[in-house]
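Please look over the sequence and the structure first, and then follow the sections below.

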Amino acid sequence: MGMNEGLGKFIEEAIMYNPRNVFSIHTSFYNRIITPYDFDGLTFDYNCASEDKYTSFKLDLSNRAEIDTQFEMIAYGVPETCVKKGKLDFTFHLVGKCQSCNDYHVDFLINVFTVDSIPKEWVNIHASIYRSDKDPKLSVPISIQKVGVNPEPKVDFNKIAMKFFDRESGNWYHKGLNAIANNYGIGSLAYFRRIIEKELMHIIKEIKELPDSHGLEIQILLDEHDKHSSVSTIYENIYQHLPKSLKSLGKNPIKLLYNQTSEALHSMTEQEAMEKSKIILQLLEFVIIKINEEKSDIKDLKEAIKGLGN
Ligand SMILES: [Zn+2]
């Protein structure tokens, strides 16, 4: 992978608010430290909020004067302003413009850093003594991370689903949606699987309480599951005891969800993981919404009966 291709992909996939999302580069000084100039003209896929679609964005350096001031001397060495406590550490601003409407844009803050100290000869090499044939090798890997974005990608969450989850699962749900919004398939799939692993029993117990499900039979399955959870057939056998609305897919939604937790993540491409994530998301929201509807039906009826008096 060429470095520029790597940088484009980095912008596209980096999850916001995740400072560990770093992209590490070994290069030579002659190829220079990563600067905004390396991003000039790179394209990436992103969500255009004004058109509400994924489309091609292009990084452009329209804030050139600002950049030139900061990086004027970079060809001859690292400016002192880019070094903190002997380590490389500086942040710059990039603008990504939607190529479709040519109007909507996203601002990124990119931080370039090294974990280890950089050699002193990298800093402020004077133009008159700089010789490209005496190129000091970069013995220290350079990392970049995305530390900010404006506007933040809009994440639409389902309020009913969010209410169903506790704070921890709600956080995973939000992060999973965020990862989808950032086109990060494997990341989102990991969060949704974590939700299923934790919430599937919660879902089954909620279903058990619904007026139209076979509560007693489901309790028997739950007792069995408690005894032999490793060879559990509850996911398979619960189907016949579900209320009609949860059978309306024609397939067993509980078993479908359970099956998603078994396939190995590392065998999937980003694309496959993204498709899977979106299906799981729909399925999860479908089940939770149906549970909620079944519950509200009985609540509405109770209210209505109250209105009848004795
Ligand atoms: Zn646009």
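## Terms and basis of the model

A residue is called buried if 20 or more other C-beta atoms lie within 10 Å of its own, exposed if 12 or fewer do, and partly exposed in between, with the C-beta atoms placed from the backbone. Helices (H or I, at least four residues) and strands (E, at least two) are DSSP runs, numbered from the N terminus.

The model is predicted, and local features need pLDDT of at least 70, while side-chain atom pairs count only at pLDDT 80 or more and totals for chains, interfaces and linings use all residues. Residues are numbered from 1 along each chain as its sequence is written. The chain averages a pLDDT of 82, and 84% of the residues score at least 70, where pLDDT is the predictor's confidence in each residue, from 0 to 100. Over residues 15-20 the pLDDT stays under 50, and for this stretch the model has 13 contacts beyond four places in sequence; two residues are in contact if their C-beta atoms, placed from the backbone, lie within 7 Å.

## The chain as a whole

The secondary structure of the chain comes to ten helices and seven strands. Of its 310 residues, 26% count as buried. Among contacts between residues at least 6 apart in sequence, 72% join residues at least 24 apart.

## Helix H4

Helix H4 covers residues 167-181, and its 15 residues reach 21 Å from the first C-alpha to the last, close to the 21 Å expected at 1.5 Å a residue; the expected span is 1.5 Å times one less than the number of residues. Which residues of H4 are buried? They are Tyr173, Lys175, Gly176, Leu177, Asn178, Ala179 and Ile180. After H4 comes Asn183, whose phi is positive, near 65 degrees.

Two packed helices are described by the angle between their axes and the distance between the axes. For helix H5 (residues 185-208) and helix H6 (residues 215-227), the packing angle is about 150 degrees and the axes are 9 Å apart; axes are lines fitted to C-alpha atoms, for helices over the stretch in contact, and angles run from 0 to 180 degrees between N-to-C directions. H5 and H6 are therefore roughly antiparallel to each other, since angles under 35 degrees count as roughly parallel, over 145 as roughly antiparallel, 65 to 115 as roughly perpendicular and the rest as oblique. Ile204, Ile207 and Lys208 of H5 make the contact with Gly215, Ile218, Gln219 and Leu222 of H6.

Ile234 belongs to helix H7 (residues 234-237), and it counts as buried because it has 22 C-beta neighbours inside 10 Å. Leaving aside neighbours within four places in sequence, Ile234 is in contact with Ile204, Leu221, Leu222, Glu224 and His225. Ile234 and Ile220 are 14 residues apart in sequence, and their C-alpha atoms are 9.4 Å apart in space.

Where in the chain is Phe164 placed? Phe164 is in helix H3 (residues 159-164), and it is buried because 22 other C-beta atoms lie within 10 Å. From C-alpha to C-alpha, Phe164 and Ile203 are 9.1 Å apart in space, although 39 residues apart in sequence.

In the loop between strand S7 (142-150) and H3 lies Pro151. The peptide bond from Asn150 to Pro151 is cis, with omega near -5 degrees.

## Strands and loops

Phe44 lies in strand S2 (residues 43-48), and it is partly exposed because it has 19 other C-beta atoms within 10 Å. Phe44 and Phe10 are 34 residues apart in sequence and 9.0 Å apart in space, C-alpha to C-alpha.
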